[in-house]
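This report walks through selected contacts, pairings and surface features of one protein chain. Please keep the sequence and the structure at hand while reading.

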Amino acid sequence: MLFYYVCAMEPIFAAAIVASSVIGLMALGFTLQFITLKVPNLAHTTICFSSAYMPLSFWLFGVNPYLALPLSFLIGSLLSWFLYKFLAFLRTRGTGPVGQMMSSLAFGLIIYGIMNIYADYLSYVLKAWARTFTLANADITLFGEPGIVFLAPILLISLTTFFHLILTRTKFGIAIRAIVQDYSLAATLGVNTDRALGIAWFIVGGIGGLAGAVWPFWFSVDPWTGPRMLSDIFAACVVGGLFSVYGSILGGIIVGGMEILLLWGIALNVGVWITSYRPIIPVVIAAITLLIFPKGIMGSIEALREKRRK
């Protein structure tokens, strides 16, 4: 009996690993975009999951869906860069943070509409079920487990390391940190803020595109997945610390893993019907975290360190 329960728990832990890795990567991009422009990018998750249709397209044409990951990175990068240029243009025209935030929402809705059009194309022309799909059957097997269980955390670790090296070992990283500290002062000191932020949004957009592309290898995806996941990303950033890039990654790991495990535990004891209320879990996790760490985990740790220095 014990062996049965251990085996039954394995897919749950695998799902938690994939979810925490993907949400951590998405939260990284959302936080960097927020602290650079001081505007919540409400289109971020929609941009991320727009890349999910690339692996599906490759699979439908008989190509290994993992070969679509570079293209998914490029799609996320270009959409994120284009959105940054659009918001930067609005800012130069005097549009405030609220107007820019609503513009990002409109941008996301446009992408959502294009995704629906493409899903209908796959459905009616290729006769594929593309409105809601999963690529679990297209995944490879490694050591008896789906390949995505290994790929997702590898992507999280490698891309986080890559991003950390860029921020700490390059002139570009120094420029980004200067912009985050004081945008006006960085521009006064000669930093090309527009180019630096454009590159930053391009990179994190690509990372988000990769994250969205690997999601359907375990979970189902539809055109509304991106907007629906926005609450998870908000919760992850709040848990880790809204102004900390590394904190957002930590928050994504916590929220993604706990959401899956808590939902599974509650469903076992209450009933499967509780899964309909899944979006509430990350919000509850964020609320409880704020009661303990008012500035998020990393924000509270930094505040404590600053207090000790003084």
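## Glycine 252 in helix α12

Not counting residues up to four places away in sequence, glycine 252 touches Ser20, Ile23, Gly24, Ala236 and Gly257. The model discussed here is a predicted one, and in it glycine 252 forms part of helix α12. With a relative accessibility of 0%, glycine 252 counts as buried, because buried means under 20% relative accessible area. Phenylalanine 234 stands 18 residues away from glycine 252 along the chain, and the C-alpha atoms of these two residues are separated by 9.4 Å.

## Two buried serines

Serine 80 belongs to helix α4, which covers residues 69-92, and the relative accessible area of serine 80 is 1%, so that this residue is buried. The side chain of serine 80 is joined to that of glutamine 33 by a polar contact of 3.2 Å.

Leaving aside neighbours within four places in sequence, serine 104 is in contact with Pro40, Asn41, Leu42, Ala43, Leu83 and Leu87.

## Salt bridges

How many salt bridges does the count come to? The count comes to 4 salt bridges, among them the pairs described here. Side chains of opposite charge can pair when their charged atoms come close. Arginine 131 and aspartate 120 meet through their side chains in a salt bridge, at 3.1 Å from N to O. This pair links distant parts of the chain, with arginine 131 in the loop between α5 and β1 (141-142) and aspartate 120 in helix α5, 11 residues apart. Arginine 131 counts as partly exposed at 29% relative accessibility, and aspartate 120 is also partly exposed, with a relative accessible area of 31%.

Arginine 278 is paired with glutamate 259 in another salt bridge, in which the closest N and O atoms are 2.8 Å apart. Here too the pair links distant parts of the chain, since arginine 278 lies in the loop between α12 and α13 and glutamate 259 in helix α12, 19 residues apart. Arginine 278 is partly exposed, having a relative accessible area of 23%, whereas glutamate 259 is buried, with a value of 2%. In the salt bridge between arginine 228 and aspartate 222, the closest N and O atoms are 3.0 Å apart; arginine 228 counts as partly exposed at 38% relative accessibility, while aspartate 222 is buried, with a relative accessible area of 15%.

## A nonpolar surface patch

Which residues make the nonpolar surface patch of about 1200 Å²? The patch is made by Met258, Leu262, Ile266, Val270, Trp273, Tyr277, Ile280, Val284, Ile288, Leu291, Ile292 and Phe293. The elements that give two or more residues to this patch are α12 (245-270) and α13 (280-292), and α13 gives the most, with 5 residues.

Tyrosine 277, one of the residues of the patch, lies in the loop between α12 and α13. Its relative accessible area is 46%, and tyrosine 277 is accordingly classed as partly exposed.

A disulfide is a covalent bond between the sulfur atoms of two cysteines. The count comes to 0 disulfides in this model. Cysteine 48 is in no disulfide, and the nearest cysteine sulfur, belonging to cysteine 237, is 11 Å away. Cysteine 237 is in no disulfide either, its nearest cysteine sulfur being that of cysteine 48, at 11 Å. These sulfur atoms do not form a disulfide because 11 Å separates them, whereas a disulfide requires a pair of cysteine sulfur atoms within 2.5 Å.

Are these cysteines buried or exposed? Cysteine 48 counts as buried at 0% relative accessibility, and cysteine 237 is buried as well, with a relative accessible area of 0%.

Technical notes
Residues are numbered from 1 along each chain as its sequence is written. This is a predicted model: local features need pLDDT of at least 70, side-chain atom pairs count only at pLDDT 80 or more; totals for chains, interfaces and linings use all residues. Side-chain values use heavy atoms; hydrogens and water are left out. Buried means under 20% relative accessible area, exposed over 50%, partly exposed in between (1.4 Å probe, protein chains only). Patches are made of residues with over 30% relative accessible area and no salt bridge: like charges are joined within 9 Å, nonpolar side chains (Val, Leu, Ile, Met, Phe, Trp, Tyr) within 5 Å. Accessible areas come from the Shrake-Rupley method with a 1.4 Å probe; for residues, only the protein chains shown count as cover. Helices (H or I, at least four residues) and strands (E, at least two) are DSSP runs, numbered from the N terminus. Contact means heavy atoms within 4.5 Å. A polar contact is a pair of N or O atoms within 3.5 Å; within protein, one must be able to donate a hydrogen and the other to accept it, and residues adjacent in sequence count only if both atoms are side-chain atoms.
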